[in-house]
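I opened my notebook to look into how this chain holds together. Here is what I looked up, entry by entry.

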Amino acid sequence: MRSTTRVAICLWPLLIAQAPIGAVYGQEHGAGADSAELSLDRVLDAHEATVAAVQRVWAKAEMQVPRPGGGWKPVLWLEWARDGSIERFRTLRPDPENPEGRIVESDELFRGTQVWRRIRRIPGGAGQNAGLASAEEAYRYLIEPAAGRNLPHPNLPEALLLRLADPQGRFPGVTLRELVRAFAEKQGRVALSSAEKAVSISLIPKDATAAGIKKVEIELDPQAGYLVRKVVWHMPAADEGEPAHDWQYQLEVVRFDGDDAGAYLPVEVHSTNTATDPASHARLVVTELVLNEPLPNEALDFRIPAGTVVGYFDTPDGKPRIAVWGANNKPERFFSKLADFQRYLESQEAARAGGGSAFGTAAILGLLMAVLLWLAYRRRDRQDSRSGSAAGT
């Protein structure tokens, strides 16, 4: 396993290149650009080829913020593993009961058509923590269809994963090609220019007020496979509320690393947000890295403990079910009706009554209520998502 320090990630799965960009977008060349050698088509093709060169990656990263007295303080730990189409994201936060420890806040595995999710329960909610027999039961598990999920993971800066996302969420994680196309199709201005060590793409909307974005400046590094080296989102002042001034959100790669096959990764990436006064700063670094080599066994080994209750939403009819997990990391039984699930819980309680079970009647009712609220929320959330998608088409 290859390891290094202060390495930040800037990759995401390749989307298929679309129509020739010079023909579609009516590109403009700035000073210093040679149209015979430099074009949006060539630049984006090279950019996407570098993304495609990354087949396997595993990284342990830290999100850091400045310390008041100087230096950097880690506030979030991240793990990212990818092997072809299989991908996993883990987010860990400081343990409030152990200053030196960390707790898993979320764990997501994208595997084919499914997403397996492990999410920490919110303390104090009705039935949330009643009768928990172990620390593992402090987590909720869900299995959902992967279709329609907005990637990449929200805790990893999207521009670092070869996605771009504006700070207001109008572009929630798009590829460079998709972003250029979006501006061009709205009759925005797309300009390409080159300097000694960088190629720049400038995106200016036709109507900044309607777009909610004044300008996007993107620098690509030819020495690192035309990966994004810097992106600056120029944002207008808010019509009402804060910020009352124009502001910027910037991500900048300090340096890159790569392998002999033409795969590159950014190394240490800084972010700056001027919406606040003073401006806020952060950086993402990686403490362990594997690139295009066999991954550690634990990198993609997502296991659900036997006996765990799982919210199962990936069903042919679209109706949620409750699954009880088996010992072979597969569902042992399903329940489509809550009444059947309640009888199952009661039978389990009766079977364990003489063994000092941590689950009592109150815990069963609390868990049942939590499941009811949970399924109702997830169903409404999915319906709202489908309605929003339909409205946007």
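**Entry 1: a buried pair**

I began with Glu268 and Arg283, and both are buried (buried means under 20% relative accessible area, exposed over 50%, and partly exposed in between, with a 1.4 Å probe and protein chains only). Glu268 forms a salt bridge with Arg283, and their closest N and O atoms are 2.9 Å apart; a salt bridge here is a side-chain nitrogen of Lys or Arg within 4 Å of a carboxyl oxygen of Asp or Glu. Glu268 sits in strand S15 (residues 264–273) and Arg283 in strand S16, so the pair ties together parts that are 15 residues apart in sequence. I noted that helices (H or I, at least four residues) and strands (E, at least two) are DSSP runs, numbered from the N terminus.

I also wrote down that this is a predicted model, in which local features need pLDDT of at least 70 and side-chain atom pairs count only at pLDDT 80 or more, while totals for chains, interfaces and linings use all residues. Residues are numbered from 1 along each chain as its sequence is written, and side-chain values use heavy atoms, with hydrogens and water left out.

**Entry 2: other salt bridges**

How many salt bridges are there by this rule? I found a count of 17.

Next I looked at Asp45, which forms a salt bridge with Arg177, the closest N and O atoms being 3.0 Å apart. This pair links distant parts of the chain, with Asp45 in helix H2 and Arg177 in helix H3, 132 residues apart. Asp45 is partly exposed, at a relative accessible area of 43%, whereas Arg177 is buried, at 3%.

Lys60 forms a salt bridge with Glu288, and here the closest N and O atoms are 4.0 Å apart. Lys60 belongs to strand S2 (residues 56–66) and Glu288 to strand S16 (residues 280–291), so this pair ties together parts that are 228 residues apart in sequence. Lys60 is partly exposed, with a relative accessible area of 26%, and Glu288 is partly exposed too, with 25%.

I also spotted a network of salt bridges that links Glu79, Arg88, Arg90 and Asp107.

**Entry 3: the nonpolar cores**

A nonpolar core is a set of buried Ala, Val, Leu, Ile, Met, Phe, Trp, Tyr and Cys residues joined through side-chain atoms within 4.5 Å. The largest one has 27 residues, and those with the most contacts inside it are Leu179, Ile201, Leu203, Val216, Ile218 and Trp233. Among the elements that give two or more residues to this core are helix H2 (40–52), helix H3 (176–185) and strand S12 (215–221). H3 gives the most, with five residues.

I then checked Val216: leaving out residues up to four places away in sequence, Val216 touches Leu179, Phe183, Ile201, Ser202, Leu203, Val231, Val232 and Trp233 (contact means heavy atoms within 4.5 Å).

Which residues of H2 are buried? I listed Leu40, Val43, Leu44, His47, Glu48, Thr50 and Val51. They cover an arc of only 155° around the axis, which puts them on the same side of H2; the arc is that of the directions from the helix axis to the C-beta atoms.

In H5, Phe341, Tyr344, Leu345 and Glu349 are buried. Their arc around the axis is only 135°, so they are on the same side of H5. On the other side of H5, I found Ala350 and Ala351 exposed.
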